Amino acid sequence: MLNKISIVGLGYIGLPTATLFASRKRRVIGVDVSSRVVDTINRGEIHIVEPELDILVQAAVGAGYLRATTRAEPADAFVIAVPTPLTDERKPDLSYIDSAIMSIAPVLAKGNLVVLESTSPVGTTELLAKRLAEVRPDLSFPQQAGDASDIRIAYCPERVLPGRIVHELVANDRVIGGMTPRCSEAAVALYRLFVQGNCIVTQVRTAEMCKLAENSFRDVNIAFANELSMICDKQGINVWELIGLANRHPRVDILEPGCGVGGHCLAVDPWFIVDRAPEEAKLIRTARNVNDAKPNWIVQQVDQAIAEVSGSGVPVDEICIACLGITYKADIDDLRESPALQIAQTLALRRQGKVLIVEPNFQTLPEEIDGAAQMTQMTLDEAVAQAHILVLLVGHAEFRDVKPELNSRQVLIDTRGVWKGAK
Ligand code: SAJ
């Protein structure tokens with residue numbers, strides 16, 4: 001029976017997931033530690049930016065299927081979708097999962113299903129089951145009772161792309177890793193309520209590793225492209241032309257170099273594999289280090305451009321640098337772990353007042369990044385008119401098709417190859 005579903009963690013994944021269960025006319029209790037988030041949702045509004053989500057939340061709350069609260073309540077199924085960040089030592093921080101588990105433990109009842117969605121190191125779901133068994137000795141769990149357990153437990157990662165979350169939650173295949181076959185069955189029944197993709201059953205650890213492998217695969221391939229870009233720069237080769245030619249091979253698909261890897265996924269998840277297999281995860285660790293070193297390499301490129309411009313007679317302290325784009329990837333307004341922002345802030349802190357920001361996805365710069373480093377936001381045309389050096393950091397649509405006319409004394413550093421082919 002899946003009449004009442006509780007989603008613990010109402011962020012980028014939990015809230016869309018809650019609205020999709022609500023759209024299937026299930027009573028959904030959204031649980032979040034933030035009363036601001038809870039109050040926003042109960043007003044039928046949203047606290048994150050994601051296309052279509054505001055309409056879904058308004059409909060779900062308006063129809064009485066979705067209600068948010070800060071305290072867990074009994075339900076037939078619980079989905080844990082809380083953050084799993086890294087500590088400063090690049091270790092997985094599982095404290096949010098532990099808090100979420102402790103919040104639902106008192107309301108668990110025989111026959112309930114608990115699904116962990118948060119991206120987690122391999123073995124986390126079994127730890128979760130162990131913790132629940134410790135605090136609820138009156139209930140039996142899969143590690144003790146196998147298929148006859150009172151509580152069913154599974155791991156089910158999400159693989160949605162920010163900006164397309166609602167569509168991909170419905171359309172993408174889901175990997176379902178139950179701790180026992182009956183745990184998997186229960187989890188498949190839950191996701192079949194809205195998933196139109198395939199629900200593929202596997203072992204719980206395989207499901208945990210699948211998510212990490214997907215993102216590590218992408219991070220390693222981006223690192224290859226970034227390393228290639230630094231090699232080609234040294235050897236006077238246009239890396240964009242090179243990649244275009246190499247990708248004409250029917251079985252080669254080199255990804256795009258950039259100014260680094262941002263977001264709360266690729267920059268984080270591979271470290272979960274490294275943490276559990278430090279000796280074996282050599283390539284995965286190296287790829288992370290290559291991608292994390294790219295922003296500094298871009299700053300060095302800017303330093304070379306400053307020397308070039310000052311050599312043409314412009315006093316160094318008058319040299320103006322325009323950073324085009326500061327979000328973590330194109331056409332979104334998300335700054336999480338953004339290498340472009342890291343570069344802009346590094347330059348601004350070193351060149352007080354001489355760094356311009358062109359960021360079409362923000363009307364005004366968020367205060368947490370504006371005051372400290374004296375960055376001035378303006379339009380692309382204004383920046384082109386004033387800047388001696390233009391650094392294209394993010395391939396926003398606003399930049400992609402129209403390469404601005406630069407004069408012979410201006411220097412362009414295009415870290416995304418956006419204007420390689422523009423007219
Ligand atoms: N990037 C490059 N070159 C590329 C592709 C990406 O430099 O060729 C950079 C982007 O600029 C960005 C970063 O990598 O800074 C990550 O971009 P992304 O396109 O991988 O997107 P994310 O991180 O928002 O989403 C990823 C997706 N994972 C995969 O594509 C394997 C998404 O499906 C996951 O659900 C998401 O991580 C997640 O939540 O884990």
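In which helix is L347 found?

Author: L347 is found in helix α13, which covers residues 339–350. Before going further, a word on the ground rules. This is a predicted model, where local features need pLDDT of at least 70 and side-chain atom pairs count only at pLDDT 80 or more, while totals for chains, interfaces and linings use all residues. Residues are numbered from 1 along each chain as its sequence is written, and side-chain values use heavy atoms, with hydrogens and water left out. Helix and strand labels are DSSP runs (H or I of at least four residues for helices, E of at least two for strands), numbered from the N terminus.

Back to L347. Its relative accessibility is 1%, so L347 counts as buried (buried means under 20% relative accessible area, exposed over 50%, and partly exposed in between, with a 1.4 Å probe and protein chains only). If you skip the neighbours within four places in sequence, L347 is in contact with V299, V302, I321, C323 and V355; contact here means heavy atoms within 4.5 Å. For a sense of scale, L347 and T124 are 223 residues apart along the chain, and their C-alpha atoms are separated by 40 Å.

Two packed helices are described by the angle between their axes and the distance between the axes. Helix α5 (residues 124–135) and helix α9 (residues 204–234) have axes that come within 8 Å and cross at roughly 130 degrees. The axes are lines fitted to C-alpha atoms, for helices over the stretch in contact, and angles run from 0 to 180 degrees between N-to-C directions. That makes α5 and α9 oblique to each other: under 35 degrees would count as roughly parallel, over 145 as roughly antiparallel, 65 to 115 as roughly perpendicular, and the rest is oblique.

An α-helix has 3.6 residues a turn, so residues three or four places apart point the same way. Helix α8 (residues 181–191) has buried residues too: C183, S184, A187, V188, L190 and Y191. Their arc is only 155 degrees around the axis, so they sit on the same side of α8. Turned away from that buried side, α8 has a face with the exposed residues P181 and E185.

Now for the charges. Count a salt bridge whenever a side-chain nitrogen of Lys or Arg is within 4 Å of a carboxyl oxygen of Asp or Glu, and you get 22 salt bridges. One of them joins R90 and D292, at 3.3 Å from N to O. That pair links distant parts of the chain, with R90 in the loop between β4 (77–80) and α4 (95–104) and D292 in helix α12 (residues 282–311), 202 residues apart. R90 has 36% relative accessibility and is partly exposed, and D292, at 32%, is partly exposed as well. R90 and D292 are linked with D219 and R288 in a network of salt bridges. Most residues other than glycine have a negative phi, and most peptide bonds are trans. E52, also not a glycine, has a positive phi of about 75 degrees.

Elsewhere, R416 forms a salt bridge with E256, the closest N and O atoms being 3.2 Å apart. D334 pairs with R336 at 2.6 Å between the closest N and O atoms. D334 is buried at 6% relative accessible area, whereas R336 is partly exposed at 25%.

Methods
The arc is that of the directions from the helix axis to the C-beta atoms.
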